[in-house]
Amino acid sequence: MSKFIWLPGALALAMSVPFSAWAATDADLAEIREQIRQLKESYEARIQALEQRLKDAETAKTKDAATTPAPPVAAALPATSSASGIAAFNPAISAVLQGRYANLSQDPSKFTIGGFAPGGDIGPGRRGFSLSESELAISASVDHLFAGNLIVSLTPENTVSVEEAYGIYTAAPYGMVPKFGRFFSGLGYMNEQHQHAWDFIDAPLAYQAFLGSQYTNDGLQLKWVAPTDQFLELGAEVGNGDNFPGSMRNKNGVGSGVIYAHTGDDIGASHSWRAGLSYLQTRAQDRQYSQFDRAGNNAQVGFNGTSHVAIADFVWKYAPNGNPLYTNFKVQGEYFWRRENGDFIYDVDGALGLTNTSAYTSRQSGWYLQGVYQFMPYWRVGARYDRLDPGHVDYGTNAAFLDAPAFHPERSTLMVDYTPSEFSRIRLQWGQSKTQVGVTDNQLFLQYILTLGAHGAHKF
Amino acid sequence: MRSSHLQWLLAALLALSGGPAAAALNVFATVPEWGALTEELGGDKVKVYTATNPLQDPHHVEAKPSLIGRARGADLVVATGAELEIGWLPLVTQQAGNPKVQAGKPGYFEAASFVPILDKPSRLDRSEGDVHAAGDPHIQTDPRNIARVAGPLSARLAELDPENAAYYQTRYKAFAERWNAAIARWEKEGAPLKGVAIVVQHKGFTYLIAWLGMKEVAALEPKPGVEPTTAHLSEVLATVQRQPVKMVLRAAYQSDRASQWIAERAKINVVVLPFTVGGDDAAKDLFGLFDDTVQRLLKGLQ
């Protein structure tokens, strides 16, 4: 924790510069205005002079038939380059501020997805007003070979976590894009997007149940973009496998592997699409959680084994003539399968005196489908449906204590949001979530997302 | 046996990934004007892909799969620069796995670095709307800027494809001659526009207005990139009624509601300008773009 003490200090330091400017007196302001006016005048004069030189150079050049068409103006325009001094090498910095109000009819601390092992950061979050995670992003080219990106998340509980911290080797030949460090895995469609870029406040149930909301890899990623006009990329990742559905295992070598393929293109000027297939394999050791057994006891259970997740994803976007400014429409859906096999331990801590280990296999699936329609500038409405299939769970001899799940968790969500600029968004979301037998959670959220600093990229 | 399989696989991969230089230079132009200029200068030695169409707002483009796919095989990216493409091009070039077109490499060309940029904001703050820190990037609305970019662009084509350097030079000379003659003609035709007061929808015609000596008295957008509001339109209407404004300008990709509203009440003409090559039927190429722009402006005078 003490490692992060520098952060507020650095922030204060970074902010002190503009603060001192605000403290200026009226006399100072007048002086600054006068300086700006003078600057303007001198620049205008310089631009005029430059334009004249340019004209002269051009006429001279058109007459001069022998020379190659060398840039006539490149050397004559030092005035247009604003980068100077040490500050010119500052990376692009941006911050995302988020907060929300939640009205939940069920106690969020009792949230589980019936029949699915919990893991990662799942659930609807706390009731009432709360701050959501704030994000600080810093990115820049490192040199002629590398680019770097750091995204730090500041949680409302005053902890700091590194969401992503990766380097990209930009000089690789043959369409290769190597990436290394901590990054959101390239599997699926939504996984690489940061939470503030999602179209709903929370992750689809399938992401929560199968990947613990979002799958992060600490390791290496190698992507290959095919040299075809139609976009086709193949990616492979190896990582430490610490994250759900895997777990930390204190061993050398590779803890998780991901492979994926994405392809996409435009259809006419108005339609674009992308589709993909992904596969994740990882291992869990002592993945423990509590589960109600047949007798109604809250038993501690554990899993040791292999987890395989496959995802099929697609997204289709429509904007009239390719101009999304006034109206646009987007549909996305993803289908998840997960197979787990290994050992399952019932009553791990022996609290019930019935500890038993048995072979275990599960095959489960889930999906979501969502659509978002911008019906006028700044305003969008969206709908989403989530559903999970408990599939087939074989507890082996543990079947004496545990029932195989038969319940289908589902959720329906509606949202409307207002986006007055690329940098702010206010969203109202309503959802009816049925993730446990006989329990319906009516959820209402009001959320804001503010982005300040460097202009972010518009990911597809 | 095994190693020969591997060799075949490697050979196939290499063949797929480009291998020997293709016949034509693959050019990825971000906006139609640079696509058109590259075609003028490169003739049949270049194969141009234009990333956006004239009905798209160039500020609002996503790093679509189709763009990443096309950037993968490009030998040269021709961009405007000055932050016009900041929301998508860096992501596209980074995702494309093509080291040739990364910023700073010969395969990356920014037109705005060869022209004097106007409207550099004295105050950089997002409360001023979607301001461009580097100044107004819509440089293509002044034909003299096209001339300024043509020389360096031709030189860049020759640098990337030295075998055809003489070809590019000949084409450049022919283009420059025709273009300079055309500029003289447009300036003569556009002489009546000097000093004419106009209103714009988006502050996207700064260079055109400066070139023809027109006078921009108001913009329908309260702040750059912010949609017109009724309150602001009423203010503009008051301004327009105080002084003799001839017309309101908008680009083909913009909605017509605000300009129609003001035109009906102030009894002025709406002039829809092609803004870039392909923006309307007459603007088929760069020459057509300015022929049509000047003609439409003159019509707006009546």
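The following exercises, with worked solutions, concern a predicted model.

**Exercise 1.** Determine in which order the four strands of the open sheet in chain B are arranged, and which strands form its edges.

*Solution.* Step 1: The strands of the open sheet in chain B follow the order S2-S1-S3-S4, and their pairing is parallel. Step 2: Strand S2 (46–50) and strand S4 (108–110) of chain B each pair on one side only, and they are therefore the edge strands. Step 3: On average, neighbouring strands of this sheet are turned by 20° against each other, with direction ignored.

**Exercise 2.** Explain why the span of helix H5 of chain B agrees with expectation, and state where the helix is kinked.

*Solution.* Step 1: Helix H5 (residues 143–160) of chain B has 18 residues, so at 1.5 Å a residue it should span 26 Å. Step 2: The end C-alpha atoms of H5 are 26 Å apart, which agrees. Step 3: H5(B) has a kink of about 25° at Ala150(B), shortly before the proline Pro152(B). Step 4: The helix H5(B) is mostly covered, with 16 of its 18 residues buried.

**Exercise 3.** State what distance separates the centres of the two domains of chain A.

*Solution.* Step 1: The domain assignment gives domain 1 (25–64) and domain 2 (91–453) in chain A. Step 2: Taken over C-alpha atoms, the centres of these domains are 53 Å apart.

Key: Residues are numbered from 1 along each chain as its sequence is written. Chains are lettered from A and ligands numbered from 1 in the order in which they are written. This is a predicted model: local features need pLDDT of at least 70, side-chain atom pairs count only at pLDDT 80 or more; totals for chains, interfaces and linings use all residues. Domain bounds come from an automatic or database domain assignment. Two strands pair if DSSP finds at least two bridges between them. Helices (H or I, at least four residues) and strands (E, at least two) are DSSP runs, numbered from the N terminus. Axes are lines fitted to C-alpha atoms, for helices over the stretch in contact, and angles run from 0 to 180 degrees between N-to-C directions. The expected span of a helix is 1.5 Å times one less than its number of residues. The bend at a residue is the angle between axes fitted to the seven residues ending there and the seven starting there. A residue is buried if 20 or more other C-beta atoms lie within 10 Å of its own, exposed if 12 or fewer, and partly exposed in between; C-beta atoms are placed from the backbone.
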